[in-house]
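Open the structure in your viewer and keep the selection panel at hand. This tour goes stop by stop: what to select, then what is there.

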Amino acid sequence: MLPMFWDDTHHALAESTQRWVNRHISPHAAQWEEDGLFDRGLYRAAGAAGILGVTYPEAVGGAGGDVLHGLIVGEALVRGGSVGTAMGLGSHAISLPAILALGSAAQKARWAPSILSGEQIACLGITEPGTGSDVAGIITRAVRDGDHYIVNGAKTFITSGCRADVAVVAVRTGPERHAGVSLMVIERGTPGFTTGKPLKKMGWWASDTGELFFEDCRVPAENLLGGEGAGFLGIMANFVTERLLLACTCVAMAKLALEAAEVYVKERTAFGRPLEGFQVTRHRLAEMATREAAARAFVSVIAERFRRGEEVTAEVAMVKNTAVEACSFVTDAAVQIFGGMGYMRESLVERLYRDARLFPIGGGTTEIMRELISRRR
Ligand SMILES: Cc1cc2nc3c(=O)[nH]c(=O)nc-3n(C[C@H](O)[C@H](O)[C@H](O)COP(=O)(O)OP(=O)(O)OC[C@H]3O[C@@H](n4cnc5c(N)ncnc54)[C@H](O)[C@@H]3O)c2cc1C
């Protein structure tokens, strides 16, 4: 992100995280992508380095940083060259906030420190086979039975779903569309809770994307977060931070693709000159750089306004769509500059192009973002 709002702690974090990524992710990124999974030990290593907990309160094992610290870590992780690894490693960033927003002191103490140290992997299960954007349409049911809930239903497309130890799951506890939604923590090993095989997908290969199944699953009532009907509050509590992080990821990917293209146009020759000798190539690079810079500036300014406590829900939706567009354009243009080599698996730009396609869909689709923008004051 633009360093204009950074203090010394932000600069130091940017440097130390990049060093950590260069050592722990970059050398393995291509292999993990081909394997379809990154090494589980990375969670513990990231926890020990303070990377997982950077924006969380010290009281629960975090470093107490602000949103800019979080975006700095987010960009550094993407620069490791495997977006799938960055997304899988960060699956706690969409699940833990609900525990912190709604959970009791005992619940926070029970799950947060082990998630932030990387001992336990956390995921968020909202999307179901029958509904995604329409969160209030979920049908996974939780029915109270003494000091347990009996949960029946299924979740799909869940990041870290196959190997998560702790799933924060949206369930229906009442008939009302929004007010009938609750969140509860369902732990691996709970009777009636199973997971499917990793889903095969277009991009993000190194991240596990899975299905969760609940069949008469007996969940202790003490795992309910914030009482029945509080689920929507918990889900909404993290929307702004999640979308800023996704926008930052898109900008970081655009930057990587731009950098790769800038190197390639100097090396590759056609018709007796380097590609950069053609005006059309230089103009393509100019447009790529412009879109990346504009998106970067927009994310940085809105993140800073959020840090200062301003209400920026609609602006963050604009930021997400802007960054997603920039990322799609730049990664596509980079593949074009690389020609046939841009279509080959060994090219970083080929992977970035595939990875980019998720962002208009995940974390709220482009259409849902426009819906939010249209409701602004
Ligand atoms: C790799 C990956 C990782 C994911 N990780 C997670 C995760 O960790 N946890 C989780 O819970 N989910 C996760 N998801 C699911 C993701 O959040 C959903 O796919 C997304 O919210 C869209 O929901 P959907 O797929 O059901 O599409 P739908 O909601 O069915 O939408 C289909 C199309 O209709 C459009 N549409 C829907 N409603 C409207 C409307 N009101 N106005 C205009 N257009 C509309 C959409 O924009 C879209 O173009 C993940 C998905 C993927 C692919």
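Is Glu 267 buried or exposed? Select Glu 267 and show its surface: Glu 267 is exposed, because its relative accessible area of 58% is over the 50% cut-off. Bear in mind that this is a predicted model. Glu 267 sits in helix α9, which covers residues 239–267. Val 330 and Glu 267 are 63 residues apart along the chain, and 19 Å separates their C-alpha atoms.

**The domains**

Zoom out and colour by domain. The domain assignment gives domain 1 (3–116), domain 2 (122–234) and domain 3 (238–374). Hide domain 3 for a moment. The C-alpha centres of domain 1 and domain 2 are 23 Å apart. Between them, 27 residues of domain 1 touch 25 residues of domain 2.

**Helix α1 against helix α4**

Next, select residues 8–24 for helix α1 and residues 67–78 for helix α4. Their axes are 9 Å apart, at an angle of about 25°. An angle under 35 degrees counts as roughly parallel, so α1 is roughly parallel to α4. The crossing of α1 and α4 is right-handed. Show side chains for the contact. From α1, pick Thr 9, His 10, Leu 13, Ala 14, Thr 17, Gln 18, Trp 20 and Val 21. From α4, pick Leu 68, His 69, Ile 72, Val 73, Ala 76 and Leu 77. Colour this contact of α1 with α4 by class: 9 residues are nonpolar, 5 are polar and none is charged.

**Helix α4 against helix α10**

On the α4 side, select Val 67, Leu 68, Leu 71 and Glu 75. They meet Arg 296, Val 299, Ala 303, Glu 304, Phe 306 and Arg 307 of α10. This contact of α4 with α10 has 6 nonpolar and 4 charged residues, and no polar ones.

**Helix α6**

Select residues 92–102, helix α6. How many of its residues are buried? The helix is mostly covered, with 9 of its 11 residues buried. Among them are His 92, Ser 95, Pro 97, Ile 99 and Leu 102.

**Two positive phi angles**

Go to Trp 204. Look in the loop between β6 (193–195) and β7 (209–220). Trp 204 is not a glycine, yet its phi is positive, at about 50°. Trp 204 counts as buried because its relative accessibility is 10%, under the 20% cut-off.

Then select Asp 216, which lies in strand β7. Asp 216 also has a positive phi, about 45°, although it is not a glycine. Here the side is open: Asp 216 counts as exposed, at 52% relative accessibility.

**Helix α11 against helix α13**

For the last stop, select helix α11 (residues 313–338) and helix α13 (residues 366–374). Their axes cross at roughly 150° and come within 8 Å. The crossing of α11 and α13 is left-handed. On α11, show Ala 314, Ala 317, Met 318, Lys 320 and Asn 321. On α13, show Thr 366, Met 369, Arg 370, Leu 372 and Ile 373. The residues of this contact of α11 with α13 are 6 nonpolar, 2 polar and 2 charged.

Conventions. Residues are numbered from 1 along each chain as its sequence is written. This is a predicted model: local features need pLDDT of at least 70, side-chain atom pairs count only at pLDDT 80 or more; totals for chains, interfaces and linings use all residues. Side-chain values use heavy atoms; hydrogens and water are left out. Helices (H or I, at least four residues) and strands (E, at least two) are DSSP runs, numbered from the N terminus. Buried means under 20% relative accessible area, exposed over 50%, partly exposed in between (1.4 Å probe, protein chains only). Axes are lines fitted to C-alpha atoms, for helices over the stretch in contact, and angles run from 0 to 180 degrees between N-to-C directions. A crossing is left-handed if the near helix is turned anticlockwise from the far one by less than a right angle, and right-handed if clockwise. Contact means heavy atoms within 4.5 Å. Ala, Val, Leu, Ile, Met, Phe, Trp, Tyr, Cys and Pro count as nonpolar, Asp, Glu, Lys and Arg as charged, and the others, Gly among them, as polar. Angles under 35 degrees count as roughly parallel, over 145 as roughly antiparallel, 65 to 115 as roughly perpendicular and the rest as oblique. Domain bounds come from an automatic or database domain assignment.
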